[in-house]
Amino acid sequence: MAVFRPFRAVRPAKEYVSEVAALPYDVMSSTEAREMVKGHPWSFLHVDRGEVDLDPSVGIYDRRVYEKAAENLERMLAEGVNVRESSPVYYIYRQIMDGRAQAGLVGCASIDDYKNNVIKKHELTRADKEEDRIRHVDTLNANTGPIFLTFRDTIGLRSITGDWMKAHAPLYDFTSSDGIRHTVWVIDDDSVESEIQAKLGDVPSFYIADGHHRSASAVRVGEKRRAEHPDYDGTEEFNFFLSVLFPVEELRIFDYNRVVKDLNGMDPESFLKACEDSFEISELPVMRKDHEVFDEETLSVCRPVSKHTFSLYLDGKWYRLTAREGTFDEADPVGRLDVTILQENLLAPILQIGDPRTDTRISFIGGIRGLGELVRLVDGGAAAAFAMYPTTTDDLMDIADAGKIMPPKSTWFEPKLRSGLFIHYL
């Protein structure tokens with residue numbers, strides 16, 4: 001059964017928390033990170049992306065990047081920006097976005113649970129990205145970005161955390177520049193901690209929602225520390241990694257849309273004709289006029305209405321594509337995903353985009369950016385855009401339970417967990 005234990009965190013002092021908290025390192029480029037830290041000397045990007053404090057000529061995987069990150073983290077503690085918790089505790093981390101709340105429990109998961117598949121995965125990892133975070137964790141001797149875990153709440157965790165939030169004042173409460181409200185409570189009652197730990201011990205599985213590279217790298221560093229300390233007994237901090245555990249009932253997955261650079265030599269009419277074998281196609285009542293700018297309310301009618309439907313923006317027009325019978329296997333948890341249906345019936349056979357992981361002719365746009373971003377990209381020179389119906393949390397869990405892997409760019413979770421709020425030293 002699953003292990004999830006409290007820990008003695010290093011975290012921002014209250015007066016610094018809104019300045020420290022930063023988006024995850026992997027949702028922006030190095031250039032964007034350099035812009036984001038301007039005027040923000042305590043942004044956690046100075047730790048998660050140490051290259052922002054080095055000359056741009058220094059490669060992002062240069063050893064100096066990790067050394068600078070460790071130096072910056074040590075300086076935050078030395079100068080009182082960060083403080084160390086006096087004893088191991090759990091935290092509740094609630095985010096509110098557009099009036100919708102999700103509250104997770106912050107603690108540490110077990111690397112053995114990861115290795116034994118009690119913590120289930122649904123994505124492959126890339127060796128270069130994994131190695132980057134291994135070096136980062138190892139050099140800093142800390143997990144600095146939490147893993148986003150989820151589970152089916154059959155134990156009543158939401159009731160426990162809900163009661164705690166009602167009865168106690170928060171440690172942090174701030175709104176980030178993107179309008180998301182972040183509130184944190186400390187659970188510092190031994191009896192409540194013990195109750196939570198015991199109940200979580202009855203949970204058969206956790207699932208990685210987001211953070212496959214961070215979790216894989218944390219486990220690799222833990223294994224490295226075990227080899228360096230052969231007398232370890234399993235209680236050492238390097239046997240655990242920083243996580244936020246959310247009941248699946250509170251999560252929301254956004255669409256993860258596709259944009260293609262060209263139509264593989266076809267004109268729009270020929271391309272639509274080629275799609276008719278696998279999809280029923282109808283034009284939607286929204287057409288771009290010269291110099292017209294679509295707003296999201298106008299574009300709302302263009303969103304896919306259900307699973308196995310897609311919206312296509314092509315040559316100034318929107319179309320609805322509905323997968324025909326026989327184009328997918330509903331019994332296959334991977335085969336019935338819309339991202340699989342689009343890939344196997346359109347992107348690969350018609351556009352010759354065989355491997356979306358490596359093909360430069362396709363790009364992926366998180367649904368948080370809206371359908372207007374798809375219009376902008378196509379009007380700006382791309383050939384076509386596909387708006388997807390969001391993958392569900394049931395899809396994610398079914399695939400993980402089956403031991404299978406999702407296609408790339410299947411899920412986009414919002415809101416993003418902020419880095420820097422909790423640091424777990426090994």
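Predicted model: local features only at pLDDT ≥ 70, side-chain atom pairs only at ≥ 80, totals over all residues.
Visitor: How many helices and strands does the secondary structure of the protein come to?

Guide: The chain under discussion holds 426 residues. Its secondary structure comes to 14 helices and 21 strands.

Visitor: Why does the protein count as being as compact as a globular protein of its length?

Guide: For 426 residues, the globule rule gives 22 Å. The protein is as compact as a globular protein of that length because its radius of gyration is close to that figure, at 23 Å.

Visitor: What share of the residues in the protein is buried?

Guide: A residue is buried when its relative accessible area is under 20%. Among the 426 residues, the buried share comes to 56%.

Visitor: Where is Ser176 found?

Guide: Strand β9 covers 172–175, and strand β10 covers 181–187. Ser176 lies in the loop between β9 and β10.

Visitor: Is Ser176 buried or exposed?

Guide: The cut-off for a buried residue is under 20% relative accessible area. Ser176 has a relative accessibility of 14%, and therefore it counts as buried.

Visitor: Which residue does the side chain of Ser176 join through a polar contact?

Guide: Leaving aside residues up to four places away in sequence, Ser176 touches His182 and Arg418. The polar contact between side chains has a length of 3.0 Å, and the partner of Ser176 in it is His182.

Visitor: How far apart are the mean positions of the positive and negative charges of the protein?

Guide: The protein has 51 positive and 72 negative charges. The distance between their mean positions is 2 Å.

Notes. Residues numbered from 1 in each chain as written. Heavy atoms only, no water. Helix = DSSP H or I, 4+ residues; strand = E, 2+ residues; numbered from the N terminus. Buried < 20%, exposed > 50% of the residue type's maximum accessible area, 1.4 Å probe, protein only. Polar contact = N/O pair within 3.5 Å; in protein donor to acceptor, adjacent residues only side chain to side chain. Contact = heavy atoms within 4.5 Å. Rg over C-alpha atoms; globule rule 2.2 N^0.38 Å. Lys, Arg positive; Asp, Glu negative; His and termini not counted. Charge placed at Lys NZ, Arg CZ, Asp CG, Glu CD.
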